[in-house]
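Please read them with the sequence and the coordinates open beside you.

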Amino acid sequence: MSTAGATDPLAALGTLPGVADSVESVRKAVDRVYGHRIMRRRSNEITSEAALRGARGSAALSGADWALEEVRRRTDFSGDAEARTVGAALRLTAEAGQLLSIWRQSPVRVLARLHLVAAAEQADHVGRPRQEGEPVDEPLVGLPLPEAAETHGRLEGLAELIVAGGSAPALVTAAVVHGELLALRPFTSHNGLVARTAERIVLVGSGLDPKSVCPAEVGHGELGRAAYLKALDGYVSGTPEGMAAWIAHCGRAVELGARESTAVCEALQRGAA
């Protein structure tokens, strides 16, 4: 994402055609969940269920498309590659809430921690941005891979924008963080999982979804990998139309996540869950 010549480039993205409509639609969807009577009495249960479903959706986009009940039932995620992916998604979802206070001061530190949690191994390349020549294991994202020096520079630029704050809507900031991390793939593995977790951190930390009950990962999974990658192409293009399409895609994902939690609220209200 280019920030040249703009004092608040994230806020500028909020003025792109259609983005304001996406922001408003997301706000209404989130408000519907928070206004549900079940949220007043059982919000912790909704948060826990949203975390599980969000992890399941994120893992699906990284190639481990398991049924929700399988994710719920399993206790050992150390087996094959799919099991390890689901385990990583679950660990990241649990870790995200512990990092909210650090995010606004040191986003790169948080991202490094997320990679460490996802990889769950002790190795020199884990928990830090990749260096020149290190391979990246992210087979489901086929975009050209920026060189390490460019990646480090753009990562620092993104961190500076987050630390500086600004007037951009939470949806816009979350979408840019998500898109930039997927475009850069700054770590040697698990970049998709980390990017979607970072999106969650922005949405929660911004106050848009403070109880983390509107899991965008659910929506991204429901919209499907093909639509996800097509929208990501729009982000990487850097055109106003492409950027707006990516933000709208992320907004729709949040709306679908909110709809999922509304359905959970309804089920609890009926005594069926």
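1. I begin with Ile46, which, leaving aside its neighbours within four places in sequence, is in contact with Ile38, Met39, Val213, Ser261, Val264, Cys265 and Leu268, contact meaning heavy atoms within 4.5 Å. Ile46 is also among the residues with the most contacts inside the largest nonpolar core, which has 81 residues, and Leu13, Trp103, Leu111, Leu114, Val177 and Trp246 are listed with it. Such a core is a set of buried Ala, Val, Leu, Ile, Met, Phe, Trp, Tyr and Cys residues joined through side-chain atoms within 4.5 Å; buried means under 20% relative accessible area, exposed over 50%, and partly exposed in between, with a 1.4 Å probe and protein chains only.

2. On the basis of the values: this is a predicted model, in which local features need pLDDT of at least 70 and side-chain atom pairs count only at pLDDT 80 or more, while totals for chains, interfaces and linings use all residues. Residues are numbered from 1 along each chain as its sequence is written, and side-chain values use heavy atoms, with hydrogens and water left out.

3. Helix α8 (residues 148-164) packs with helix α9 (residues 170-184) at an angle of about 170°, their axes being 11 Å apart, which makes α8 roughly antiparallel to α9. Helices here are DSSP runs (H or I, at least four residues), numbered from the N terminus; axes are lines fitted to C-alpha atoms over the stretch in contact, angles run from 0 to 180 degrees between N-to-C directions, and an angle over 145 degrees counts as roughly antiparallel. From α8 the contact uses Thr151, Arg154, Leu155, Leu158 and Ile162, and from α9 it uses Val176, Val177, Glu180, Leu181, Ala183 and Leu184. These residues divide into eight nonpolar, one polar and two charged, where Ala, Val, Leu, Ile, Met, Phe, Trp, Tyr, Cys and Pro count as nonpolar, Asp, Glu, Lys and Arg as charged, and the others, Gly among them, as polar.

4. How many of the 15 residues of α9 are buried? The count is 15 of 15, so that the helix is described as mostly covered. Its end C-alpha atoms are 21 Å apart, which agrees with the 21 Å that its 15 residues should span at 1.5 Å a residue, the expected span being 1.5 Å times one less than the number of residues. Just after α9, Arg185 takes a positive phi of about 45°.

5. Helix α10 (residues 191-205) is likewise mostly covered, with 14 of its 15 residues buried, and Gly207, with a positive phi near 95°, follows it. In the loop between α9 and α10 lies His190, which has a positive phi of about 60° although it is not a glycine; at 22% relative accessibility, His190 counts as partly exposed.

6. Leu116, in helix α7 (residues 107-119), is partly exposed at a relative accessible area of 30%. Not counting residues up to four places away in sequence, Leu116 touches Glu121, Val126 and Gly127. Ala120, in the loop between α7 and α8, has a positive phi of about 50° although it is not a glycine.

7. Finally, Pro9 lies in helix α1 (residues 9-13) and is buried, with a relative accessible area of 7%. Pro9 and Ser167 are 158 residues apart in sequence, yet 9.9 Å apart in space, C-alpha to C-alpha.

Conventions: Helices (H or I, at least four residues) and strands (E, at least two) are DSSP runs, numbered from the N terminus. Angles under 35 degrees count as roughly parallel, over 145 as roughly antiparallel, 65 to 115 as roughly perpendicular and the rest as oblique.
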